[in-house]
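Hi,

Here is the structure I said I would pass on.

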Amino acid sequence: MSRASDESDRTDPVPSELYTREYYTSDCEGYSEFLEGALELPERIRASMELAGDMSGREVLDVGCGRGELVCRLAMLGAHAVGVDYAEAAVELANELASSLPEEARGNARFLRSDAKGLPFDDDSFDAVFFVDVYEHLRLDEIEATLAEIRRVLRPWGTLIVHTGPNTWFYEYGYPLVRFVGRKLLKRPLPDDYRHESDDVLHVNEQSPLSLHRGLKKAGFRPRVEPRTFSPERPRPAYIQLARKVLFTRPLGYFFCQSLIAVARVSKQLGESGLRTERVLRLISPRDSWNV
């Protein structure tokens, strides 16, 4: 188990003040494109959108919207998109990005400051919900409450798209083997620790393929979890391409890919215990959102 996930059962949330403008513009993936004013999406967000399909004319929610790239791209594609984030800096940056959209798309993008555990929307409000790079930032009790809220606002036919990273099985099993092969056979000095320095502070609930599947299923979804690795496209020797194809697809991909993407739909039968849990979570979840 990862160092971060060892603390996932603690109830104190990561303070929103840690998610500063500096974090979003110098650390969070995709910041260079954002600073250049380009609407080029980070690959993980682009892959999440592709799994969701055509969102034109649909009502879409992005929980933990960050700088707002996903919402803005959805708005340009004709979706009615809303982004929520509990970090003030994220909402400010997202609104700044939305102000640069063409006029016809600007009205389709909206951002609110809100706690995900108490979403300020009616039941069955959205056709799709995106939950991209948020799961690992919320402790176990927060995840349970947030997924209950997502299930509440998602229409019965709707789709939940989750991206989370890192995949703990990669750190526990895949990377040690990659490091051994790199050092012993390829003579490449791979680092002992592949993590980013901010992970120990901000990642409090990292997931494996199994734990992600179990968490979504417990929350009343029917999930399909896929392994993904995103790396720059560049010419590679044929044997490297073959090795990547073998290692980065199922089943080995669950151990050698750094990210996980899940496509989940609402389960037809949540079960008696699940219904009771969901009702309790709705009762204790805060409803006072920070709309701006």
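The protein has 13 helices and 7 strands; helices (H or I, at least four residues) and strands (E, at least two) are DSSP runs, numbered from the N terminus. Bear in mind that this is a predicted model, in which local features need pLDDT of at least 70 and side-chain atom pairs count only at pLDDT 80 or more, while totals for chains, interfaces and linings use all residues. Residues are numbered from 1 along each chain as its sequence is written, and side-chain values use heavy atoms, with hydrogens and water left out.

Now the overall numbers. Of the 292 residues, 50% count as buried (under 20% relative accessible area, with exposed over 50% and partly exposed in between; 1.4 Å probe, protein chains only). Take the contacts (heavy atoms within 4.5 Å) between residues at least 6 apart in sequence: 80% of them join residues at least 24 apart.

On to the sheet. The 7 strands form an open sheet with mixed pairing, in the order β3-β2-β1-β4-β5-β7-β6; two strands pair if DSSP finds at least two bridges between them. At the edges sit β3 (109-113) and β6 (221-228), each pairing on one side only. From one strand to the next, the twist averages 15 degrees (axes are lines fitted to C-alpha atoms, for helices over the stretch in contact, and angles run from 0 to 180 degrees between N-to-C directions).

β5 is worth a look: 9 of its 11 residues are buried, so this strand is largely enclosed by the rest of the structure. β4 and β5 run parallel and are joined by 6 bridges, with F130 partnered by I161 in β5.

Finally, helix α3 (residues 43-52) lies across β4, β5, β6 and β7, at about 155 degrees to β4. Just after α3, G53 takes a positive phi of about 85 degrees.

Cheers
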